[in-house]
Amino acid sequence: MVKKSWFAVGAIALLLGVGGIAAFSQSQAQGDQRRLVESQIPVPSQAIAAEVYRTPTCGCCGAWVHHAEANGFTFTDNIQPDITAIKEQFGITPELASCHTTIANGYVFEGHIPAADIQRFLANPPADVLGLTVPGMPIGSPGMEAGDRQQPYQVLALHEDGTTSVFQEYPGN
C-alpha cells in the first residue's frame, strides 16, 4: 500500500513537471517568436536619435523605449509630470493621443508605434505629413504586450491639414 502511494505521488509529480515544462516551453516559444519577429526588423546602420516625452508613472512607455532601442533608436528621455504642451506643439489632439510623444528628425511619433513603421516613415517621409500616431494604448502593440493577445489597431499618418490616413494596419487575433 505504501509503495502504491509513493508510486502515485511520483506519477503525479512527473505529470505536473511535464505539464509545467510544456507550459514553460510554450511561453518561451512565444517569447522567442516575438524576439524573432523583432530581430527581423532591419536595424539601421546608424542609430536614429530621438527625444521621448513621458510621465514618470507610465511603465508601458519604458517598455516601448526598450523596443525602439532594440531596433536602432537612441533617446533623450524627457520624464515630466505633464506632457500636454509637447503634444499641443505638434498637433496631437486628445483623439489622437497616447501616453508618450517622440520627436525624431523633426517629425512627431505618438504612442505605441512599431519601430519598423517609424523607420519606414523616416526613410521616405510623405511631403504633407507631420508624423505618425497610434491613438490610445492597444493591447499587443510594442510596449503593450499581453502574451499572444493583440487588439486590431492602425498607425495613422498625421497630415498638415489636420486630417489622418492609415499608414499601417495591424489585425487583432
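Colleague: Is Asp77 buried, partly exposed or exposed?

Modeller: Asp77 is partly exposed, with a relative accessible area of 37%, where buried means under 20% relative accessible area, exposed over 50% and partly exposed in between, using a 1.4 Å probe and protein chains only. Please keep in mind that this is a predicted model, in which local features need pLDDT of at least 70 and side-chain atom pairs count only at pLDDT 80 or more, while totals for chains, interfaces and linings use all residues. Residues are numbered from 1 along each chain as its sequence is written, and side-chain values use heavy atoms, with hydrogens and water left out.

Colleague: Which residue does Asp77 form a salt bridge with?

Modeller: Its partner is Arg54, and the closest N and O atoms of the two are 2.5 Å apart; a salt bridge here is a side-chain nitrogen of Lys or Arg within 4 Å of a carboxyl oxygen of Asp or Glu. Asp77 lies in strand E2 (residues 73–79) and Arg54 in strand E1 (residues 48–54), so the pair ties together parts that are 23 residues apart in sequence. Helices (H or I, at least four residues) and strands (E, at least two) are DSSP runs, numbered from the N terminus.

Colleague: And Arg54, buried or exposed?

Modeller: Arg54 counts as buried, at 13% relative accessibility.

Colleague: How many salt bridges are there by this rule?

Modeller: The count comes to three. One of them joins Glu110 to Lys87, with the closest N and O atoms 2.4 Å apart. Since Glu110 lies in strand E4 (residues 107–111) and Lys87 in helix H3 (residues 84–89), this pair ties together parts that are 23 residues apart in sequence. Both Glu110 and Lys87 are buried.

Colleague: What about Arg120, which residue does it form a salt bridge with?

Modeller: Arg120 pairs with Asp117, the closest N and O atoms being 3.6 Å apart. The two are three residues apart in helix H4 (residues 115–123), and are therefore separated by about one helical turn. Arg120 is partly exposed at a relative accessible area of 40%, whereas Asp117 counts as buried at 3% relative accessibility.

Colleague: Changing topic, which residues does Thr164 touch?

Modeller: Leaving aside residues up to four places away in sequence, Thr164 touches Leu96, Leu156, Ala157, Leu158 and His159, where contact means heavy atoms within 4.5 Å. Thr164 is found in strand E7 (residues 164–170) and is partly exposed, with a relative accessible area of 36%.
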